Amino acid sequence: MDNELNEHHEREPYYEDEIDLYQLIQVLLKRKKLIVGVFLVVVIVTIAASYIMKPVYRVSAVVAPGQIYEQEPVRDALIWREKAIDTPENIERLISQNPFHYEILTQLTWDYQDPQNQFDIKTNVQERTNYIFVNIDSSEPERAKEYFSIFLDKVQNFYLHKAAVNATFY
């Protein structure tokens, strides 16, 4: 039985797991023109693509619902309680619908039909917070910044007006 095992082991070919670095270097040196050529083509294509593409800039802000104080009857007294002016979801909906677009363009005296004056406003409510992230991506950051600043003022004035209308004075 031992002889059979020994004969079986002797017949199996033995493979080494070693890498011959000299042979590897020889292969790399033979193919150096191909390697350098592929590298240069990739670099040139990347540089050309970066010059062809128009840069996109992001103008962003973080918006949170304002707080108002309301009197609330508790037992035999009135106490002041802090209350959010609106839910983050409602504010996000208002911002993404952008009902102020035409009014802002009129205020800035920009052409309504011009495609560069069409700003896509993206919103995202941060989970477990009241914060709303608002972004505008544009290839013209100064125009987007000017538009965005007035837009945020319009949203703020909308909610200030809403709070003033709903306020009760004692």
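Author: Happy to! Let us start with confidence: pLDDT is the predictor's confidence in each residue, on a scale from 0 to 100. This is a predicted model, so local features need a pLDDT of at least 70 and side-chain atom pairs count only at pLDDT 80 or more, while totals for chains, interfaces and linings use all residues. Residues are numbered from 1 along each chain as its sequence is written, and side-chain values use heavy atoms, with hydrogens and water left out.

The mean pLDDT of the chain is 84, and 88% of its residues reach 70 or more. Confidence is lowest in helix 1 (residues 2-11), with a mean of 58, and highest in helix 3 (residues 32-52), with 95. Where pLDDT is low, the predicted coordinates should not be read in detail.

Next, the layout. Helices (H or I, at least four residues) and strands (E, at least two) are DSSP runs, numbered from the N terminus. The chain has 6 helices and 5 strands, and along the sequence they follow the pattern α-α-α-β-β-β-α-α-β-β-α. Of the 170 residues, 22% are buried; here buried means under 20% relative accessible area, exposed means over 50%, and partly exposed is in between (1.4 Å probe, protein chains only).

Now to your salt bridges. The term stands for a side-chain nitrogen of Lys or Arg within 4 Å of a carboxyl oxygen of Asp or Glu. The whole structure holds 6 of them.

One of these joins the side chains of R58 and D137, at 2.7 Å from N to O. R58 sits in strand 1 and D137 in strand 5, so to speak distant parts of the chain, 79 residues apart. R58 is exposed, with a relative accessible area of 53%, whereas D137 is partly exposed at 27%. The two also belong to a network of salt bridges that links R58, D120, K122 and D137.

The strands behind this pair deserve a look too. Two strands count as paired if DSSP finds at least two bridges between them. Strand 1 and strand 5 (residues 132-138) run antiparallel and are joined by 7 bridges, with V62 standing opposite F133 in strand 5. They belong to an open sheet of 3 strands in the order 1-5-4, with antiparallel pairing. Strand 1 (57-63) and strand 4 (121-125) stand at the edges with a single partner strand each, so one side of each has no neighbour in the sheet. Neighbouring strands of this sheet are turned by 20° against each other on average, direction ignored; the axes used here are lines fitted to C-alpha atoms, for helices over the stretch in contact, and angles run from 0 to 180 degrees between N-to-C directions.

The side chains of D86 and K162 meet at 3.4 Å, N to O. D86 is buried at 12% relative accessibility, while K162 is partly exposed at 28%.

K154 forms a salt bridge with E103, and their closest N and O atoms are 2.8 Å apart. K154 counts as buried, at 17% relative accessibility, and E103 as partly exposed, at 42%.

P65 lies in the loop between strand 1 and strand 2 and is buried, with a relative accessible area of 9%. Its C-alpha atom is 9.8 Å from that of N90, 25 residues away along the chain. G66 is found in the loop between strand 1 and strand 2 (67-74) and is partly exposed, at 36%. G66 and A84 are 18 residues apart in sequence, and their C-alpha atoms are 5.8 Å apart in space. Strand 2 and strand 3 (residues 77-84) pair in the antiparallel sense over 8 bridges, and E70 stands opposite R81 in strand 3. These two strands form a hairpin with 2 residues between them, where R75 in the turn has a positive phi of about 55°.
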